[in-house]
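Subject: Handover of a structure, with findings

Dear colleague,

Please find below the sequence and structure that I am handing over to you. My account of what was found follows directly after them.

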Amino acid sequence: MSDEPKSCSTPFDAEPTASRSTVPMWIVVLTLTLLFLGAVYFDHHSGWFNASVYQPYASAAELDTYQPKSGAAAILAQGKKNYEMICGVCHGPDGMGKPNQAPPLAGSEWVNTKGFGRLAHIPLLGLSGPLQVEGKDWSLSMAPMGAALSDADLAGVLTYIRSSWGNQAGAVTADDVRAVRAALGGRPQPMNMQQLKAMAE
Amino acid sequence: MKNGALVFLAVFVALGLSWCGFVLAPARQLGNAKQTTILNSTDLYPMGRPGDANMGLQVYRANGCAACHTEQVRQSGVTCNVVLTGAGKNPELVSNLVSTLKLNGLAKEVADAVSDRITAAGGKAEIHIIATGPDISRGWGTRQSVAEDFLYDYPVQTGSLRAGPDLANIGVREPDANWQLAHLYAPSSEVKGSVMPSIHFLFEVRKTGGAPSPDALVFPKGFGPPAGYEVVPKPEAKELAAYLLSLRANVPLYSAPFTP
Amino acid sequence: MTEMQPQDAKTQASDPKIDASCLVPLLALSGGAALWLVIGSVLAMIASIKFHAPGFLADCPWLTYGRVQPAADDALLYGFCIPAALGVMLWIFARLSRAPLCLPFVPVVAANLWHLGVFIGLVGVLAGESTGFAWLEFPRGGSVLLFAAFLLIAIPAVATFGQRRERELYPSHWFLLAALLWFPWIYATGNLFLVALPVRGVAQAAINLWFASNLIFVWFGLAGLGVSFYLLPKFAGRPLQSHYLALFAFWTLILFGTWCGISAGAPLPAWMPALSTVAASLTIIPVLAVAAIMWKTLCGSTHSETRGGPFCFIRFGVASFVLAGLMLIAMACPQISKVTEFTWCGPAQTQLQLYGFFAMTMFGAIYHILPQAAGFEFPLQKLARVHFWISTLGVLLLVTPLAIGGLVQGFKWANPSVAPVDVARAALPFLRVSTTGLLLLLLGNLLFALNIFAVTLKWKFALLKTMIAAVKAPLDTKGETTSAFASLRRDKEVKA
């Protein structure tokens, strides 16, 4: 199959040998240069092993700056979603309430308050007993529908209620709700009318 | 070197470095990943796929769909748009200002500066984060695919060749089960000129009984079985369709932020 | 063969007993390998045709594209490339140790296990039991057999290595021993972390990419270069240029090449694609080193060669390695990968590496080794020459249109206004040409298989004659056992 060598230093069938000339300098220099450049590239593009940093973000700091701040629109959208899921069943998606089920929230004096503390207690603790809303009497019972929500979610719902259907009250932040929750303590009972009136706004 | 043991050790270490770096490290960093929350929400992501979608993933695997389709959206950059949300007390001043400014396709610092100028003029502005890249311009996703998108999948079918389009968001692009099934049975019926092979063996062509089966596929004119016959998907086809419909990666996450 | 000359041990002609000890393992491994090569080529043809005629065999679930394409790839890689490599490795270890192969029956058993494993694996993939991971599709039964068979072959190889009397290692030793260590490691890792006790989530994709790159680029690089660095100096009639450069290539290959593989667009944290990109740029070093070695060794070669002979295969193989390596490095550059990622450029590079480099090197090696081990020439010698020319043309027609088609595809994918259907159709003319290339490769593989089977038949026939003669006349004149086998050898010596 293979031809015999015509004139050759080693017989074809012998084992190969290797010359002992040194590694050329250019390849060593190239290796070191590429190692350096590679280190620089890694520094700029790797996010330094952070599990959340994906290309094209270069670092955790850059990723942080591109987080969309909870713009008013985003909070309202989430608040609306939670409202319709939890509160709207009784209070109506338009905040108009339903007879024998829940009083209206649109234009309610209990909603359009300067402060938020009293209002926040209602979804957190529930409410029972006769209540006058916008001149009408409501004698119903409400479970603490907002107790299961997180601070941020409840704040979003309250902000939504306070800025929808003509209501023009200020926003409620998650920190506000957290403060109210912290002050509750013990095993909260649903409130009644007297307790509600006694509370500061 | 003549010392065999030393050579073996050196080779072992050299090879082991790559094993540590690309097997052990990802297994620890990503293998212990947990659900994350959607940005500006407390909703968890991802929720596990429904049962038939998980079975559909196995149909996807068994038929090697990953040979032609990827499930990974790439993103080449991110920009900001400044959006005016309120004119404030001085609408004319604000609108005059806005007409002189570039509002779209800005870097973050520039967007911040523009937003500050609008606020200073009395208006209200929001910065919208937008992911950019050819995949995103094609509508294949609103942001790149990240680890959380594959959290509960086994096997992860990210794919390596795009003979056909990317499927990471196909559940959002084509949310109709009939479209998915008809496309599987006769791809050119839904996508004119498609080179995708027909997956006939997942369907049954049978004589229409007294009334057409509720599962029978609806084809556009010119395609479909001959008169008197209907195409009914087998359970595997329905599972595959359920899996495809569950492929949606369109929520903003911390590692892939955007303004929805 | 060559007459013995009074020279030092290094250049002494080899003992025919060493070659003969490798014959049966070589036949067992390469016989099955040739069969899988042909089967793989047929499956690849079927897969390729489906692009031009989507209705081709569309009703058969066993032949759906998604099953046939991975099966074809696996048949080439696990069915042909690895067993052929192992057979050649055993021979090289025996030759370099100047000792016959230790435990020669073990590789024969292992070869049968391996081929059984490949069979189970391929049937599993076609039946829909694929694991879903690239290059690890074989279901558990097949992969366990492959792993066991590989270890069984590694043992006699290492034992033969241990028999060497000369303590100085030749560069091929390094490459081949590292290959014997690395495959069980990466294969066990792939199967453990992905199939047996899978990691959660996208870590699977990371480990899969690591495995694929380490198998196709690093492992085949180690095995193929080990074989090439043994055969090139032989064919060229010059010493390898140089020992230290070869070791440099070895160390840089295993230090840098093992970190390639994570593609830039993967849904993985940025540090992984960044490391792979850096590693890919560093991989230019071993590729350039190999190119320098080849160039220096071949320049001034005094050896005359047969056209289309084994030397041509090896030369083509090493040149393909350099080219495939350059392609790998280019495609890892972030600017270029934006276009080439997820296109036919990837399969083009893989096919160039697997077929253009590794398979061609193995063809050359087997064409050189088998006659020496068997003691007689290939019965169908001219076919081997034809095989070279057909395969060269086939590789060119397979890889070039895939690469160009991939670029066309990539530019169109990058342009959002081009519809997916148009992108797919734009690649079709190139796929047609590559199908022609596959057809040529199929023909070439058939020629190779024919030669291997002819040798096997001739050997088996000679064995049969020996057995019959041994039964008929247990005592021959002068107590010498004649064997048809030995007489074939003597015939060759007389001819030489």
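This is a predicted model: local features need pLDDT of at least 70, side-chain atom pairs count only at pLDDT 80 or more; totals for chains, interfaces and linings use all residues.

Although A:Glu134 is not a glycine, its phi is positive, at about 50°. The two strands concerned are β1, residues 127–133 of chain A, and β2, residues 136–142 of chain A, and they pair in the antiparallel sense over 7 bridges. Within this pairing, A:Leu131 has A:Trp138 in β2(A) as its bridge partner. The hairpin formed by β1(A) and β2(A) has 2 residues between the strands.

As to confidence in chain A, the mean pLDDT is 81, and 90% of the residues in the chain reach 70 or more. Helix α1 of chain A (residues 25–45) has the highest confidence, at 95, while helix α7 of chain A (residues 193–198) has the lowest, at a mean of 75. Residues 1–11 of chain A call for caution: their pLDDT is below 50, and the stretch has 32 contacts in the model beyond near neighbours in sequence. Chain A is divided into domain 1, covering 25–65, and domain 2, covering 72–198. A distance of 51 Å lies between the C-alpha centres of domain 1 of chain A and domain 2 of chain A.

Chain B is more spread out than a compact globule, because its radius of gyration is 25 Å, well over the 18 Å that the globule rule gives for 260 residues. Along the principal axes, the C-alpha atoms of chain B fill a box of roughly 75 × 70 × 35 Å. Of the 260 residues in chain B, 44% are buried. Among contacts in chain B with a separation of 6 or more, 76% are between residues 24 or more positions apart.

Chain B is also divided into domains: domain 1 comprises 36–73 + 167–245, and domain 2 comprises 77–132. Taken over C-alpha atoms, the centres of domain 1 of chain B and domain 2 of chain B are separated by 43 Å. One peptide bond in chain B should be noted: the bond from B:Tyr154 to B:Pro155 is cis, with omega near -5°. B:Pro155 is placed in the loop between α5 (134–137) and α6 (170–173) of chain B.

Several local features were found in chain C as well. The peptide bond from C:Gln241 to C:Ser242 is cis, with omega near 5°, and C:Ser242 belongs to the loop between α7 (203–236) and α8 (243–256) of chain C. C:Leu103, a residue other than glycine, has a positive phi near 45°. This residue, C:Leu103, is in the loop between α3 (65–97) and α4 (105–127) of chain C, and it counts as partly exposed, with 15 C-beta neighbours inside 10 Å.

Chain B is in contact with both of the other chains discussed here. C:Arg200, in the loop between α6 (171–196) and α7 of chain C, is in contact with B:Gly31, B:Ala33 and B:Leu151, leaving aside neighbours within four places in sequence. C:Arg200 is partly exposed, with 19 C-beta neighbours inside 10 Å.

The contact between chains B and A takes 19 residues from chain B and 16 residues from chain A. On the chain B side, β3 (77–86) and β4 (124–132) each supply at least two residues. The side of chain B that touches chain A divides into 7 nonpolar, 10 polar and 2 charged residues.

With kind regards

Technical notes
Residues are numbered from 1 along each chain as its sequence is written. Chains are lettered from A and ligands numbered from 1 in the order in which they are written. pLDDT is the predictor's confidence in each residue, from 0 to 100. Helices (H or I, at least four residues) and strands (E, at least two) are DSSP runs, numbered from the N terminus. Two residues are in contact if their C-beta atoms, placed from the backbone, lie within 7 Å. Two strands pair if DSSP finds at least two bridges between them. The radius of gyration is taken over C-alpha atoms; the globule rule is 2.2 Å times the number of residues to the power 0.38. A residue is buried if 20 or more other C-beta atoms lie within 10 Å of its own, exposed if 12 or fewer, and partly exposed in between; C-beta atoms are placed from the backbone. Ala, Val, Leu, Ile, Met, Phe, Trp, Tyr, Cys and Pro count as nonpolar, Asp, Glu, Lys and Arg as charged, and the others, Gly among them, as polar. Domain bounds come from an automatic or database domain assignment.
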